[in-house]
Amino acid sequence: MKEYRRKQLLERVNREAATIGASIPETIEVQGEPIDLREFVFEIKRRDAVPPGERERVERAKRNLRRERIERLDRIEAGEVSYETGVELADAIIGIDRALDALESLDPADVEAEARRQDAVDTKRWMNFLKQALGREDASSGRTRF
């Protein structure tokens with residue numbers, strides 16, 4: 001894959017509004033096992049809050065989705081895939097992000113955890129702003145140099 005295409009894909013998946021209009025994939029393979037992701041998310045979202053018996057299942061699913069997102073992002077960053085495969089990976093990453101957004105928006109288990117999550121989101125948003133404003137992006141890797 002050409003470098004500029006790789007950067008386009010990385011920019012697309014890291015865009016703050018990437019999940020707007022995106023749909024949750026019907027199924028996704030996580031660690032070699034197919035999961036009915038859309039059905040799982042809709043099943044959990046139907047409830048106003050996650051029941052205590054389901055919290056661990058939801059937290060485990062979120063951890064696995066985050067891990068899968070990182071693995072797919074790493075494949076794009078490495079640039080060792082074709083552009084077509086990169087597009088498929090980017091679409092999957094955005095779908096995973098959409099699912100994570102839906103699962104994160106459920107009634108938080110505790111207020112402190114929600115505050116920490118919101119702080120992390122705010123920090124990421126601030127760092128992206130600084131990166132763009134200061135133009136401190138390493139041209140070869142697309143990573144910020146601070």
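Student: What should I know about the model before we start, and how are residues numbered?
Tutor: This is a predicted model, in which local features need pLDDT of at least 70, side-chain atom pairs count only at pLDDT 80 or more, and totals for chains, interfaces and linings use all residues. Residues are numbered from 1 along each chain as its sequence is written, and side-chain values use heavy atoms, with hydrogens and water left out.

Student: Which helices and strands does the chain have, and in what order?
Tutor: The protein chain has five helices and two strands. Read from the N terminus, its elements run α-β-β-α-α-α-α. Helices (H or I, at least four residues) and strands (E, at least two) are DSSP runs, numbered from the N terminus.

Student: How much of the chain is buried?
Tutor: Of the 146 residues in the protein chain, 29% are buried. Buried means under 20% relative accessible area, exposed means over 50%, and partly exposed lies in between, with a 1.4 Å probe and protein chains only.

Student: And what share of contacts joins residues at least 24 apart?
Tutor: Among contacts between residues at least 6 apart in sequence, the share is 63%. Contact means heavy atoms within 4.5 Å.

Student: Let us turn to helix packing. How do H1 and H4 pack?
Tutor: Helix H1 (residues 3-14) and helix H4 (residues 83-104) pack at an angle of about 10°, and their axes are 9 Å apart. That makes H1 roughly parallel to H4. Angles under 35 degrees count as roughly parallel, over 145 as roughly antiparallel, 65 to 115 as roughly perpendicular and the rest as oblique. The axes are lines fitted to C-alpha atoms, for helices over the stretch in contact, and angles run from 0 to 180 degrees between N-to-C directions.

Student: Which residues meet there?
Tutor: From H1 they are Arg5, Leu9, Arg12 and Val13, and their partners in H4 include Tyr83, Val87, Ile94 and Asp97. The residues of this contact between H1 and H4 divide into seven nonpolar, one polar and four charged. Here Ala, Val, Leu, Ile, Met, Phe, Trp, Tyr, Cys and Pro count as nonpolar, Asp, Glu, Lys and Arg as charged, and the others, Gly among them, as polar.

Student: What about the largest nonpolar core?
Tutor: It has 17 residues, and those with the most contacts inside it are Leu37, Phe40, Val41, Ile44, Leu65 and Leu103. Strand E1 (28-30), helix H2 (37-45), H3 and H4 each supply at least two residues of this core. H4 gives the most, with five residues. A nonpolar core is a set of buried Ala, Val, Leu, Ile, Met, Phe, Trp, Tyr and Cys residues joined through side-chain atoms within 4.5 Å.

Student: Which residues does Phe40 touch?
Tutor: Not counting residues up to four places away in sequence, Phe40 touches Arg57, Val58, Ala61 and Leu103.

Student: Now Glu54, please. Where is it, and what does its side chain contact?
Tutor: Glu54 lies in helix H3 (residues 52-78). Its side chain makes a polar contact with the side chain of Arg57 at 2.8 Å. A polar contact is a pair of N or O atoms within 3.5 Å; within protein, one must be able to donate a hydrogen and the other to accept it, and residues adjacent in sequence count only if both atoms are side-chain atoms.

Student: Is Glu80 buried or exposed?
Tutor: Glu80 is exposed, with a relative accessible area of 70%. This residue is in the loop between H3 and H4.

Student: Lastly, where is Ile35, and what does it touch?
Tutor: Ile35 is in strand E2 (residues 33-35). Not counting residues up to four places away in sequence, Ile35 touches Glu26, Thr27, Ile28 and Val30.
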